[in-house]
Amino acid sequence: MRHRIKKILSVIKNLIFVPTCVSCKERLSPIPEKGSLTYGKVCFCKKCEEKWEESKAELCPFCSNISENCTCVPNFFKKRQPNIPSVCFYKPDEDNTASKMILTMKHVRNSELFDFAAIELYPKIKKTLDKMQITGKDCVFTWTPRKSSSVSKYGFDQSREIAVRVSKMFGGEAYPLFLRFGGKEQKKLSAKNRKINAQKSIVLNHTLLKFPFKCKQSTLCEFTKGKHIVIIDDVLTSGATLQQAVTLLESLKAESVIVACVAKTYRSAKKQ
């Protein structure tokens with residue numbers, strides 16, 4: 001009954017605020033076709049939905065795998081995680097459906113789009129967890145925090161929005177294990193400077209346990225020790241931010257740390 005009410009409310013909302021395609025901006029029907037209403041998502045017109053499906057099947061020019069199985073990961077992750085679960089490739093310089101979707105996700109607070117991203121990412125993460133014989137309920141989900149200036153500007157942190165949704169789908173819990181202080185925009189820096197910038201700006205959130213969580217009497221180290229932690233990011237470029245996050249959690253003796261992202265940018269094999 002609760003799920004049915006949620007679907008009805010979603011339709012009412014779409015009747016009042018008519019949705020548009022996140023790619024071409026065409027006005028959409030308030031009641032999506034097929035079974036997509038099950039998830040309350042209205043994101044693409046039919047034409048752009050087909051292009052989105054094509055983008056998920058696009059092959060990496062270096063390892064010839066789709067994004068989900070692409071092995072062109074930064075050296076830091078090669079021994080830890082041969083491939084990083086993701087949905088598609090991101091080409092910021094190209095005007096395609098996947099790139100428009102990612103940019104919209106960064107700049108517009110769209111609950112349906114965050115739902116959509118979480119739904120698309122969920123099976124990719126589950127496949128990795130299944131290989132490791134880990135269940136989602138046994139995981140703690142977290143995210144790499146957005147710059148505070150960007151959160152103030154746009155009013156949200158897209159990685160947090162997706163991580164919270166994915167954690168609910170797995171029946172796990174999501175916690176803000178990291179804080180971000182200062183730092184520059186990663187996209188404006190070289191790969192080397194991205195790493196330095198991440199090391200200076202991404203820190204563990206020790207204040208987490210000062211709030212009324214179940215683990216309020218423990219230290220952050222006691223909280224993460226022996227646990228499986230999934231870090232979710234929106235886009236993987238150089239991997240500097242995720243590398244810093246993984247390093248910090250490994251220092252706390254986490255049982256395992258898995259990273260996942262919605263999209264990966266193309267990376268030259270020579271830079272790996």
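Helix α10 (residues 240-250) is largely enclosed by the rest of the structure, because nine of its 11 residues are buried (under 20% relative accessible area with a 1.4 Å probe and protein chains only; over 50% is exposed, and partly exposed lies in between). The model is predicted, so local features need pLDDT of at least 70 and side-chain atom pairs count only at pLDDT 80 or more, while totals for chains, interfaces and linings use all residues. Residues are numbered from 1 along each chain as its sequence is written, and side-chain values use heavy atoms, with hydrogens and water left out. Helices (H or I, at least four residues) and strands (E, at least two) are DSSP runs numbered from the N terminus.

**Buried elements**

- The buried residues of α10 are Ala240, Thr241, Leu242, Gln243, Gln244, Ala245, Val246, Leu248 and Leu249.
- Strand β7 is mostly covered, with 10 of its 10 residues buried.
- Thr224 belongs to helix α9 (residues 220-224) and counts as buried because its relative accessibility is 2%.
- Leaving aside residues up to four places away in sequence, Thr224 touches Leu177, Ile229, Leu249, Leu252, Lys253, Ala254 and Glu255; contact means heavy atoms within 4.5 Å.

**The sheet**

- Five strands form an open sheet in the order β1-β7-β6-β2-β3, with parallel pairing; two strands pair if DSSP finds at least two bridges between them.
- The edge strands, β1 (88-90) and β3 (173-174), each pair on one side only.
- Strands β1 and β7 pair in the parallel sense over three bridges, and Tyr90 stands opposite Thr265 in β7.
- Eight bridges join β6 and β7 in the parallel sense, and His228 stands opposite Ser256 in β7.
- Strand β2 (residues 139-143) pairs with strand β6 (residues 228-236) in the parallel sense over five bridges; the bridge partner of Trp143 in β6 is Ile232.

**Helices on the sheet**

- Helix α4 (residues 97-107) lies across β1, β6 and β7 (256-265) and runs at about 75° to β1. Axes are lines fitted to C-alpha atoms, for helices over the stretch in contact, and angles run from 0 to 180 degrees between N-to-C directions.
- Helix α5 (residues 111-131) packs on the sheet and touches β2, β6 and β7, its direction making about 135° with that of β7.

**Helix-helix packing**

- The axes of α4 and α5 are 10 Å apart, and the two helices pack at an angle of about 125°.
- Helices α4 and α5 are therefore oblique to each other; angles under 35 degrees count as roughly parallel, over 145 as roughly antiparallel, 65 to 115 as roughly perpendicular and the rest as oblique.
- Met101, Thr104 and Met105 of α4 make the contact with Leu113, Phe114, Phe116 and Ala117 of α5.
- By class, the contact of α4 with α5 has six nonpolar, one polar and no charged residues. Ala, Val, Leu, Ile, Met, Phe, Trp, Tyr, Cys and Pro count as nonpolar, Asp, Glu, Lys and Arg as charged, and the others, Gly among them, as polar.
- Helix α2 (residues 46-56) packs with α4 at an angle of about 100°, with axes 8 Å apart, and α2 and α4 are therefore roughly perpendicular to each other.
- In this contact, Cys48, Lys51, Trp52 and Ser55 in α2 meet Thr97, Ala98 and Met101 in α4.
- The residues of the contact of α2 with α4 divide into four nonpolar, two polar and one charged.
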